[in-house]
Every structure is written in structure tokens, then in C-alpha cells.
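Hi,

Here is the structure I said I'd pass on. Have a look at it first, and my notes follow below.

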Amino acid sequence: MTDISSVQHTKLLPLIVKAKKYLKNSQTIKDLFEENNLPLDYLDYIPVKFDKIDTSAKTVSGIIILSYKLLEDDDFYEDYSYLAHEITHFIQQCFAEEATESGDEHYLDNEYEVEGFQKQVEYLQEEFGPEEAEKYTDSLLEYHKYEEKKRKDKKDELMAKVNE
């Protein structure tokens, strides 16, 4: 088995271009850009790369970094929702009137992370249906060991766009 991280970045670029092209047709992404008064074509200029990181994806100083782990199952299409989440952070970091706070502490209570997850869940619902969006949200809350007594309210918050 080839170590994915050893693949040249130029060979991964077509995956990123294909994902961006696909996402330009997503109503969730169109709405995100419209809500922020940005042309959808800005999506083409968002820097995205793959790297060895502990999370599935993150955005640092306006650069989206995707984990090589997303490529291990040979179905990157199923992971486009991570881009929906990170594109939200790109817009927050590059076009907000003030700096956004890091999502490290109280991760799921951070308003910027909540917005990112809402877009991710909305995209999942649009692309794969409400059951998949709910399944992802449940696994997210479980993974982050969100308090059981607050879990329903947090789930409702994260799925707010789906339940509109």
C-alpha cells in the first residue's frame, strides 16, 4: 500500500479542483457565498492542500488543510462536507470584520465552529439526505463526548439549517 502522504501535491490538485467544481453547484455553498456577499467564483481561489494533521480538516490563516486520511478509502467525494465546513472558516477568517476565535477550547460551543458544522450538516442533508446528516451529527456529539443532558439542544443547534 502506498503512503498517501508521499504522493506529490501536483497529483492531488485535480482532486481539489474537482471538489471545488462540484461544490459550486451545491445550494448550501451558493447560499454561504451569497450570505457573505461574495462571488461564488472566489471558491476557485481558496487555497486548499493535503497534509498530515490530527483532525480531518482545519483552516489556518485562510488556508484549508485536509488530512491525507480522507483519501484512504478512495472516495474523496464523500468527504466534500469537510470542505463545506472549512470554506465557512475561510470566509470567517478572511472576510469577517473582526478576527475569529480559535476552536480549540469548548469546541462545539464556539460560535464559529457551530456555524461551520451547521454548513457541513446542511451540505450532508442536501447531498445525502436528512438521515445521513443526523447520523453525522450524532457521531460528532459522541466523538466530542458532549454532555448527555445538553446533547439534544446541541444537536438541534447543529441541525438548525436542516430543520428549517
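Ser-81 touches Gln-120, Tyr-123 and Leu-124, leaving aside residues up to four places away in sequence; contact here means heavy atoms within 4.5 Å. The C-alpha atoms of Ser-81 and Tyr-123 are 6.1 Å apart, although 42 residues separate the two along the chain. Ser-81 belongs to helix H3, and it counts as buried because its relative accessibility is 2%. For that term, buried is under 20% relative accessible area, exposed is over 50% and partly exposed is in between, with a 1.4 Å probe and protein chains only.

Before you go further: this is a predicted model, so local features need pLDDT of at least 70 and side-chain atom pairs count only at pLDDT 80 or more, while totals for chains, interfaces and linings use all residues. Residues are numbered from 1 along each chain as its sequence is written, and side-chain values use heavy atoms, with hydrogens and water left out.

Now the overall layout. The protein chain has six helices and three strands, running α-α-β-β-β-α-α-α-α from the N terminus. These are DSSP runs numbered from the N terminus: helices are H or I with at least four residues, strands are E with at least two. Of the 164 residues, 43% are buried. The exposed surface comes to about 9900 Å², with 47% of it supplied by carbon and sulfur atoms (Shrake-Rupley, 1.4 Å probe; for residues, only the protein chains shown count as cover). If you take contacts between residues at least 6 apart in sequence, 56% join residues at least 24 apart.

Next, the sheet. The three strands make an open sheet in the order E1-E3-E2, with mixed pairing; two strands pair if DSSP finds at least two bridges between them. E1 (48–51) and E2 (57–60) are the edge strands, each pairing on one side only. From one strand to the next, the twist averages 30°. E1 and E3 (residues 63–67) run parallel and are joined by four bridges; Val-48 has Ile-64 in E3 as its bridge partner. Helix H3 (residues 80–95) packs on this sheet and touches E1, E2 and E3, its direction making about 15° with that of E2.

H2 (residues 27–35) and H4 (residues 111–128) also pack together, at an angle of about 145° and with their axes 9 Å apart. Axes are lines fitted to C-alpha atoms, for helices over the stretch in contact, and angles run from 0 to 180 degrees between N-to-C directions. On the H2 side the contact has Gln-27, Thr-28, Asp-31, Leu-32 and Glu-35; on the H4 side, Lys-119, Glu-122, Tyr-123 and Glu-126.

Last, the rings. There are nine aromatic pairs. Rings of Phe, Tyr and Trp (its six-membered ring) pair if their centres lie within 6.5 Å; planes under 30 degrees apart are stacked, over 60 edge-to-face, and the rest tilted. Phe-76 and Tyr-80 are edge-to-face, at 5.4 Å centre to centre and 75° between the planes. Phe-76 is buried at 7% relative accessibility, and Tyr-80 is buried at 4%. Phe-90 and Phe-95 have centres 6.1 Å apart and planes at 65°, so this pair is edge-to-face. Here Phe-90 is buried at 10%, whereas Phe-95 is partly exposed at 40%. One aromatic cluster is formed by Tyr-22, Phe-50, Tyr-68, Phe-76, Tyr-77, Tyr-80 and Phe-128.

Cheers
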